[in-house]
Amino acid sequence: MVPSEIFIKKKKIFIFDLDGVLINSKKNMQLSWEYVKKKYDLNPNFQMYEKYIGLKFEKILDNLKISKKQNLIKYDYYKYSIKNIKKITLMPFTKSLLSSLKTQNKKLAILTSKDHLRTKLILKKFKLDFKLVFTPKKGFPGKPNPAQMLKILKKTGLERKDAVYFGDMKVDLQTAKNAKIDFIFVKTGFTKKLNCKFKIRSFNNLIYR
């Protein structure tokens, strides 16, 4: 079910995942994974890697049973990803939705498992102005732990009922559930089906005129 205009109007802060939600980074990820797979002679293919997108990179490697040379793999993956940042595109209607929300004086935030440097480079590339950007940080467990989500609410002085989180993965849904805030499944990303109340195929569904 697409959330109603009343539902959207009542929300005060809109929190977005990045990959698969605001941006299409699949080709960039695939190229980066294939690069480190070849360089370090890794077994898991991109389809296996793709299952865990949304988790911190180290956790993805753990799930893929890759325990050796994690720091080197991470460094080369990130380096190759930055080199091929041109492969990343913006999801349709992203800027239109963000502009509409800003006009309504809504607060905007990003909560992503992507590292801080690449997140900042991507936001700069597409000229996306987010004052609240939360990326993996030492001392904070990653998704689906709700710690950073709750920190966003604390920082803004808002309540759970005021927030909604946009994501495309099961881990995003679980993060929202753990934080006890509403969730909207964006079907443009890496997962095509999730058992949740609100779903959209395009941000255009939420631009109420």
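Predicted model: local features only at pLDDT ≥ 70, side-chain atom pairs only at ≥ 80, totals over all residues.
Lys114 is placed in the loop that runs between β4 (107-111) and α7 (116-125). With a relative accessible area of 5%, Lys114 is buried, because that class covers values under 20%. When neighbours within four places in sequence are set aside, the residues in contact with Lys114 are Leu18, Asp19, Met29, Thr119, Ile122, Thr135 and Pro136.

Backbone geometry was also examined. Lys65 has a positive phi, near 65°, in a residue other than glycine. The position of Lys65 is in the loop between α4 (57-63) and α5, and its relative accessible area of 72% makes it exposed. A positive phi is likewise found for Lys127, with a value near 55°. Lys127 is located in the loop between α7 and β5 and counts as exposed at 70% relative accessibility.

The peptide bond between Lys143 and Pro144 is cis, with omega at about 10°. Pro144 lies in the loop between β5 (132-134) and α8 (147-156).

Methods
Residues numbered from 1 in each chain as written. Heavy atoms only, no water. Helix = DSSP H or I, 4+ residues; strand = E, 2+ residues; numbered from the N terminus. Buried < 20%, exposed > 50% of the residue type's maximum accessible area, 1.4 Å probe, protein only. Contact = heavy atoms within 4.5 Å.
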